[in-house]
Amino acid sequence: MIVGGGMKQDPMSGENVLFHEMYSVYYRIVARLMERAEGAPFSAGDIRKAVEELGFGETQAEFFTKLRNWDIPVFCQNDDGTYSVPLESVPRPLSLLEKRWLASILDDRLMRLFMDDEEIARLASSLSGVKPLYQKKDFHVVDGANDPDPYASSRYRKTFRTLLDALANGISLQIRYRPRNGDEKDVAVEPTALQYSGKDDKFRLLCEGRYGDGRTRRIVMNVSRIVTADVCDKNPLPRGVGIETKTKTKTAVVSLSSERDTPERAMMHFANYECVSYAREDGNIVMNIKYNAEDEKEVLIRVLAFGPQIRVLEPDSLVSMIKERLARQKNLSNLLLNSGFIV
């Protein structure tokens with residue numbers, strides 16, 4: 001059996017696909033030799049060395065002869081016994097698995113934020129006939145937001161592309177923002193990052209901003225609440241002036257109950273954060289979750305989703321936020337009970 005390449009059958013489609021595995025062993029060996037050949041011809045010893053370094057135990061016997069006597073003219077032997085590459089470049093073709101994954105990604109509604117309709121139509125045409133690896137109907141989302149950002153809105157898409165361009169080119173923006181409670185405000189900002197919350201299904205803009213009264217500070221804006229975003233043409237925000245540019249990090253220390261598969265669920269839930277876990281003598285697991293201070297509200301929402309199965313030990317700021325949120329919920333419940341809405 002040839003491991004890592006050759007003719008295989010795709011378990012999903014049943015089709016025979018040459019070099020189906022992404023980053024196949026054989027592809028990596030050939031790529032290494034082609035890179036080596038760009039500087040000077042290589043010897044049979046170079047071929048053997050690449051096979052030994054990148055291949056499996058049986059690859060030497062299976063693949064070494066094929067590389068030297070291939071029907072496909074990827075390498076040619078010179079008069080002095082060395083080998084060279086007759087082609088300028090041989091791009092690796094996409095495997096069927098990669099095409100199916102790309103078809104799934106292209107079908108994601110968020111892709112409309114990063115590409116225009118013409119680009120999406122062109123890519124969809126190139127993947128015509130390719131069955132997506134997965135579809136939206138294959139997922140059942142629980143405990144998700146019921147008011148996601150309006151990704152299909154042309155105004156939202158235009159604003160999002162403006163923010164992307166500003167981030168890529170270091171452009172300051174003049175933004176009119178509509179807070180949850182209050183009047184619209186104008187603020188000059190220097191965008192630093194776009195943050196997506198899977199829990200809320202919303203994008204947030206992280207930026208350094210200056211209000212009309214001259215105050216300069218870090219700001220987090222919901223992209224859906226940005227009314228307009230225009231390039232600054234007057235008095236742009238001085239980049240980094242009077243602002244702590246280094247992002248402050250915190251570490252949440254949480255104790256996980258062993259009930260209801262809490263440790264496994266928590267490890268998946270916080271997988272996008274830098275986490276370290278260890279077991280205590282009482283059987284519970286302690287997890288250290290490192291996060292940016294600006295993300296503390298997002299961490300709060302995720303922790304509360306576990307209810308009493310998670311106990312937050314540190315930091316004090318997160319503990320205080322949880323106590324405040326629980327007190328508000330208790331007061332609301334009492335209000336509903338007293339008003340007769342809850343029996």
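User: Which residues of helix α8 are the buried ones?

Analyst: In this predicted model, helix α8, which spans residues 262-269, has T262, P263 and A266 as its buried residues. To be called buried, a residue must have under 20% relative accessible area.

User: Against which elements do the buried residues of α8 pack?

Analyst: Their partners are β10 (249-256), β12 (285-292) and β13 (310-314).

User: Why is Q195 called buried?

Analyst: The relative accessibility of Q195 is 13%, and the word buried applies under 20%; Q195 therefore counts as buried. Q195 belongs to strand β6, residues 185-197, and, once neighbours within four places in sequence are left aside, Q195 is in contact with K202, F203, R204, L206 and D295. Contact here requires heavy atoms within 4.5 Å.

User: What is the volume of the largest pocket, and which residues are the closest to its centre?

Analyst: The largest pocket has a volume of about 1400 Å³. It is lined by 31 residues, and F139, V141, Y196, G198 and K199 are the closest to its centre.

User: What does α8 supply to the lining of the largest pocket?

Analyst: Helix α8 provides three residues, the largest share of that lining. Both α4 (96-106) and α8 supply at least two residues each.

User: How does the lining of the largest pocket divide by class?

Analyst: The lining has 13 nonpolar, eight polar and ten charged residues.

User: Which residues lie nearest the centre of the second largest pocket, and which elements line it?

Analyst: Of its 26 lining residues, R180, D200, R204, N222 and K297 lie nearest the centre. Two or more lining residues come from each of β7 (202-210), β8 (216-222) and α9 (296-304), and α9 gives the most, with four residues. The space in this second largest pocket is about 780 Å³.

User: How many residues of the lining of the second largest pocket are charged?

Analyst: The charged residues number 13, beside eight nonpolar and five polar ones. Asp, Lys and Arg count as charged, and therefore R180, D200, R204 and K297, which are among the residues nearest the centre, fall in the charged class.

Note on methods
Residues numbered from 1 in each chain as written. Predicted model: local features only at pLDDT ≥ 70, side-chain atom pairs only at ≥ 80, totals over all residues. Heavy atoms only, no water. Buried < 20%, exposed > 50% of the residue type's maximum accessible area, 1.4 Å probe, protein only. 1 Å grid on protein atoms, 1.4 Å probe; cavity = no way out; pocket = protein on both sides within 12 Å on 5 of 7 lines; lining within 4 Å. Points joined across faces, edges and corners; volume = space filled by probe spheres on them.
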